[in-house]
Amino acid sequence: MKTNFTFQNPTKLIFGKGTIANLAQELPKDEKILVTYGGGSVKQNGVYKQVLQALQGFNYIEFWGIEPNPTVETLRKAIALGKQEKVTYILAVGGGSVIDGTKLISSAIPYDGDAWELVLKPAKIGKMLPFASVLTLPATGSEMNCGAVISNAEKQEKYAFYSSFPQFSVLDPLVTFSLPDFQIACGIADTFIHVLEQYLTVPDESPLMDRWSEGIMQTLIELAPKVTADKTNYEAMAEFMLCATMALNGFTAMGVTEDWATHLIGHEITALQDITHGQTLAIVLIGVMKVLRKQKRAKLLQFGARVFHIVEGTEEQRIDTTIVATEQFFRSIGLATKLHELNIGAETIQAIKDRFLKRGTHLGECGNVDGMLTEEILNECL
């Protein structure tokens with residue numbers, strides 16, 4: 001272990017069949033609760049009915065309509081409702097976007113200014129309302145971390161935001177059975193790349209973290225065909241759900257150098273083109289691996305050998321084969337791996353380059369991914 005670190009994750013996980021009923025015991029009885037939801041899919045898959053049953057006897061109100069890539073415009077409405085009704089606790093019911101949005105809501109209800117100020121300057125966060133979650137879509141890991149991603153639709157901007165952890169999160173794999181194939185594919189890609197952002201950096205920092213990360217990625221590769229073939233395979237969906245949580249709850253990051261260039265470049269594509277987050281990552285990662293292959297050489301070789309079992313050929317050939325294998329994995333679950341497949345071209349690349357140059361952006365484990373290098377990466381993705 002080469003790096004000092006401090007680690008704490010206070011979130012309690014409640015995992016398994018029928019666990020939504022546990023809300024009745026886990027939620028505080030004397031709080032006024034704001035329950036936040038997305039667009040309404042929970043009414044079709046039975047989650048809403050289970051939540052209502054568990055909330056019998058509680059004092060609560062509801063807010064609906066937190067969209068994928070939650071916008072501050074929508075969240076301001078929830079914040080205003082929370083202030084008006086003097087809520088003291090929040091329960092997020094949905095996927096990562098609902099939980100992400102709830103993190104901003106919990107920070108902004110006690111705040112006197114505009115919520116977007118907290119996204120731009122998290123140091124302004126003071127008191128935060130406690131919150132919990134019921135996860136319906138495995139992908140972001142938001143159910144067991146303090147991070148979120150919030151968009152500003154008016155400004156076409158999307159930024160990471162950090163506040164607090166859920167007090168507890170309920171994960172029932174049964175609720176994933178009705179998810180669309182595309183959402184599952186994006187969730188697998190998001191999970192896989194969360195791990196790679198913490199793994200594909202500096203060699204020999206932590207053998208334990210490397211093996212932990214490799215184990216999650218190998219499990220995803222093994223699970224992907226099972227999950228895509230049968231979404232009602234409880235064991236496969238349960239393992240996928242747990243992979244998504246473990247990929248971004250801080251466990252694989254202990255003592256290692258992180259990257260996050262793929263994610264932050266992907267955020268810009270989502271902000272400008274409204275492309276689903278996991279889909280952007282499957283495209284951008286391939287460009288990052290190609291352009292930064294020299295910088296990431298040792299870990300690319302290790303990744304290829306341990307995760308894809310690529311051990312034949314010269315080192316350069318093995319890196320080439322590893323990049324191809326990664327791209328083929330994303331294609332096997334139904335995702336695009338080129339920008340042109342989504343009708344994204346030079347204009348968007350130029351816009352992202354200009355934004356990064358204007359902001360003085362420097363990403364990656366070496367801080368060398370600026371606007372110019374981002375343009376090179378995205379050109380590889382065309």
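Author: Helices (H or I, at least four residues) and strands (E, at least two) are DSSP runs, numbered from the N terminus. The model is a predicted one.

Reader: Where is Gly16 found, and is Gly16 buried or exposed?

Author: Gly16 is placed in the loop between strand 1 (12–15) and helix 1 (23–26). Buried means under 20% relative accessible area. The relative accessibility of Gly16 is 8%, so Gly16 counts as buried.

Reader: Which residues is Gly16 in contact with, leaving aside its neighbours within four places in sequence?

Author: Gly16 and Leu27 are 11 residues apart in sequence, and their C-alpha atoms are 18 Å apart in space. With neighbours within four places in sequence left aside, the residues in contact with Gly16 are Leu171, Asp172, Pro173 and Tyr234.

Reader: Which residues of strand 2 lie on each side, and are they buried or exposed?

Author: In a regular strand the side chains alternate between the two faces of the sheet. Strand 2 (residues 32–36) is mostly covered, with five of its five residues buried. Both faces are covered, by the count of buried residues on each: Lys32, Leu34 and Thr36 on one side, Ile33 and Val35 on the other.

Reader: Which residue in strand 3 is the bridge partner of Lys32?

Author: Strand 2 and strand 3 (residues 59–63) run parallel and are joined by five bridges. Between them the chain crosses through helix 2 (residues 47–54), and this β-α-β crossover is right-handed. In strand 3, the bridge partner of Lys32 is Asn59.

Reader: Which residue in strand 4 is the bridge partner of Thr36?

Author: Strand 2 also pairs with strand 4 (residues 89–94) in the parallel sense, over four bridges. In strand 4, the bridge partner of Thr36 is Ala92.

Reader: Which residues have the most contacts inside the largest nonpolar core, and which residues does the second core include?

Author: In soluble globular proteins, nonpolar side chains tend to be buried together. The largest nonpolar core here has 53 residues, and those with the most contacts inside it are Leu23 and Leu91. Beyond its neighbours within four places in sequence, Leu23 is in contact with Val51, Ala54, Phe58, Leu91, Val134, Phe168 and Val170. A second, separate core of 45 residues includes Leu179, Ala236, Cys243 and Ile333.

Reader: How far apart are the end C-alpha atoms of helix 13?

Author: Helix 13 (residues 346–359) has 14 residues, and at 1.5 Å a residue these should span 20 Å. The end C-alpha atoms agree with this, being 20 Å apart.

Reader: Which residues of helix 13 are buried, and which are exposed on the other side?

Author: In helix 13, the buried residues are Thr348, Ile349, Ile352, Lys353, Arg355 and Phe356. They cover an arc of only 160° around the axis, which puts them on the same side of helix 13. What covers them includes strand 7 (157–162), helix 9 (261–273) and helix 14 (371–380). On the other side of helix 13, the exposed residues are Ala346, Glu347 and Lys358.

Reader: Is Trp260 buried or exposed, and is Asn343 buried or exposed?

Author: Each has a positive phi in a residue other than glycine, near 75° for Trp260 and near 60° for Asn343. Trp260 is found in the loop between helix 8 (234–247) and helix 9, and Asn343 in the loop between helix 12 (315–332) and helix 13. The relative accessible area of Trp260 is 19%, so Trp260 is buried. For Asn343 the value is 74%, so Asn343 is exposed.

Technical notes
Residues numbered from 1 in each chain as written. Predicted model: local features only at pLDDT ≥ 70, side-chain atom pairs only at ≥ 80, totals over all residues. Heavy atoms only, no water. Expected span 1.5 Å × (residues − 1). Buried < 20%, exposed > 50% of the residue type's maximum accessible area, 1.4 Å probe, protein only. Arc of directions from axis to C-beta. Contact = heavy atoms within 4.5 Å. Pairing = 2+ DSSP bridges. Right-handed = clockwise from strand over helix to strand, strands pointing away. Core = buried A, V, L, I, M, F, W, Y, C linked by side-chain atoms within 4.5 Å.
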